[in-house]
Amino acid sequence: MLKVRNLHARVAGREILKGIDLNVKRGEVHAIMGPNGSGKSTLARVLAGHPEYEVTEGEVQFESKDLLDMDPEVRAREGVFLAFQYPVEIAGVNNAYFLKSALNTVRKERGLQELDAMEFLTLVRARMKELDMDESFLNRPVNESFSGGEKKRNEIFQMAVLEPKLCVLDETDSGLDIDALKVVSQGVNMMRSPDRAFVLVTHYQRLLNYIVPDHVHVLSEGRIVRSGGKELALELEDKGYSWLEQPAGAR
Amino acid sequence: MSLDAYKAEFDKAKPQRSKGEPARIGRARDEALSRFLANGFPTTKNEEWKFTSVEKIASRTFALAGSGEADRAKPAAKDVSPFQLSGAFGSELVFVDGRYAAALSTVGSLPKGVQVSSLAAYTAGQTDAIESHLGQVAPFDRQPFVALNTAFFADGALVSIPARTVVEKPIHLQFISTGQANQMAHPRVLIVMGEQSQGAVVESYAGPAGAEYFTNVVTEVVMGEQSVLDHYKLQHESNQAFHIGAIYVKAARSANCSSHSISLGGALVRNDVVAVLGGEGGQCTLNGLYLVDGQRHVDNHTTIDHAMPNCDSREIYKGILAGKSRGVFNGKIIVRPDAQKTDAKQTNRALLLSEDAQINSKPELEIFANDVKCTHGAAVGQLDKDAVFYLRSRGIGLVEARHVLIHAFAGDVLNKLPLLAVRKGVEDVLHRQLDNALRAA
């Protein structure tokens, strides 16, 4: 589904990604771990098409199409979703209105009928229940005066409504208490399917207790320095990231 | 246009004036003209006009609209207005080139004693309001355009609501220009609210696209004790037209006045709103929204004069500037020595959609009392890039994402328009105009 080859990217003139290779198949869950500044979030943002990140080398194929050639909205319509590390507050834009326009744009692109107000409400109510969210959420401005946990839950909620093919979660677990973490993980686990893939960017192994990955990659200084199964995450939990500072034989 | 030409137009108009016009008005006209001729048009050396040059108006020759235009106007003339507001009003008066067009107007059924009529008709019973108030609220001694209007107004609207009377349906005063080149109109509006009366008045201004003409309007509002007025001004003149408008409000004890000024058209526009809270416990809301693009220029000057204690004022002005447009906002709040316990709040924001757009924004607080609450905030910025990306990352296209955010910005003012039909009408026009502005960008 997603093929990343030798990806180099920079922001504000500084090279952050220095040759990433990653192969994600349908139905798989990949965890990307690594210390602060290793390039985890940059990778997530580049995949979503953040305009401030410049790809200088390499290629990314999504469902055999050139992902880097697409505008962010086109990527979303093709089925790429980024759950933001820091969801943006948008004053004056109502959550329901926002999500309905997004959903109908995406549905139109996929050749599906647009939902009317009632159908939309039925759908979102079901998803909100699964994520233990209050309905008043819908009528509040997007992320404005949401708590940290509410913002993260809102990301997962949007993901559940938009039903993307590839879900990229950028540190969705950070800052969450254990209850919120469980709700978020449950939301992700519910969405796991043979047709959908996940890339989980996380600093901590804790999330992976609840969402069990098929592959774990360790990112350091813009490169993947180790890949393995879920046991790699546990090893990291034990050893921390300090061993990365001696790169000898790391690959 | 030389000032002599104005003198000639004045002399030409004299015999056509309404026979019923009180002598006091005639004297005021003479005095206003000599004041205007003595001072001329304001220049940018005048602090009040520092960022707005009216050279383009001063250098042209404008002629007064002929008196027959309004009678000849066809119903289609109303289509010139982009605002779809039909059905929202009880009374709808149409003015063509500043004169009342009876055939296009509907006065409707009004409570006893309420007058909604042409100012120049001088029918029985309306002379009181005119005699007591016309020209008494808007001073022309230091306001050249008020002087010009006072000297030249041929007609306009009178809305008079007697004490303890509520007019439930809003009143629409629709000012239409036929757009003949170099024509000028000086409509005058007088709104007199009796004690404990209530009403809503919408003034709208429009002209044919591309037409070059000059509208110079003055609205005087007299508010009795505990009266409540919702006033709207919807300005959508031709993009080549000049529009200078002033609203003067004098409010008595515990009166409550809301002014909503929406400015979307015009090449060179100046809106003045001056509210004097002249009695204890008054409330005043001044809200404004403008969208300006191309090479157009919009200047909003507001003054809230807290003359007496325990009055509250709330003000939000927001501007959206595209292309090479220019905006000016000047918000003056005066708190006089007697006005203890004043609570005044002013917010002013501008959204710049292009690098070449420019705004001059200035809050001016003059506080002479010591026990008051006065806050103001001003901010100028561009669309939040992170917010644009966030919306796009959910599948919403770039153009629509910008639309959504601009509307959210305007929402602060739009959502405060109490009349739903007006809000809807304004939103539709704003949408269309934003489309054009964003496409041009």
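User: Which residue stands opposite Asn256(B) in β15(B)?

Analyst: In this predicted model, Gln283(B) stands opposite Asn256(B). Strands, here DSSP runs of E with at least two residues, are numbered from the N terminus. Residues are numbered from 1 along each chain as its sequence is written, chains are lettered from A in the order in which they are written, and side-chain values use heavy atoms, without hydrogens and water. Local features need pLDDT of at least 70, side-chain atom pairs count only at pLDDT 80 or more, and totals for chains, interfaces and linings use all residues.

User: In which sense do β13 and β15 of chain B pair?

Analyst: They are parallel, with 8 bridges between residues 256–263 and residues 283–292. Two strands pair if DSSP finds at least two bridges between them.

User: What is the strand order of the 10-strand sheet in chain B?

Analyst: The order is β3-β2-β6-β9-β11-β13-β15-β17-β19-β21, in an open sheet with mixed pairing. Its edge strands are β3 (99–100) and β21 (373–381).

User: Which strands does helix α8 of chain B touch?

Analyst: Helix α8 (398–414) touches β13, β15, β17 and β19 of chain B, where contact means heavy atoms within 4.5 Å and a helix is a DSSP run of H or I with at least four residues. The direction of α8(B) makes about 155° with that of β17(B); axes are lines fitted to C-alpha atoms, for helices over the stretch in contact, and angles run from 0 to 180 degrees between N-to-C directions.

User: Turning to chain A, what is the bridge partner of Arg5(A) in β4(A)?

Analyst: The partner is Glu59(A). Strands β1 (2–11) and β4 (53–62) of chain A run antiparallel, joined by 8 bridges.
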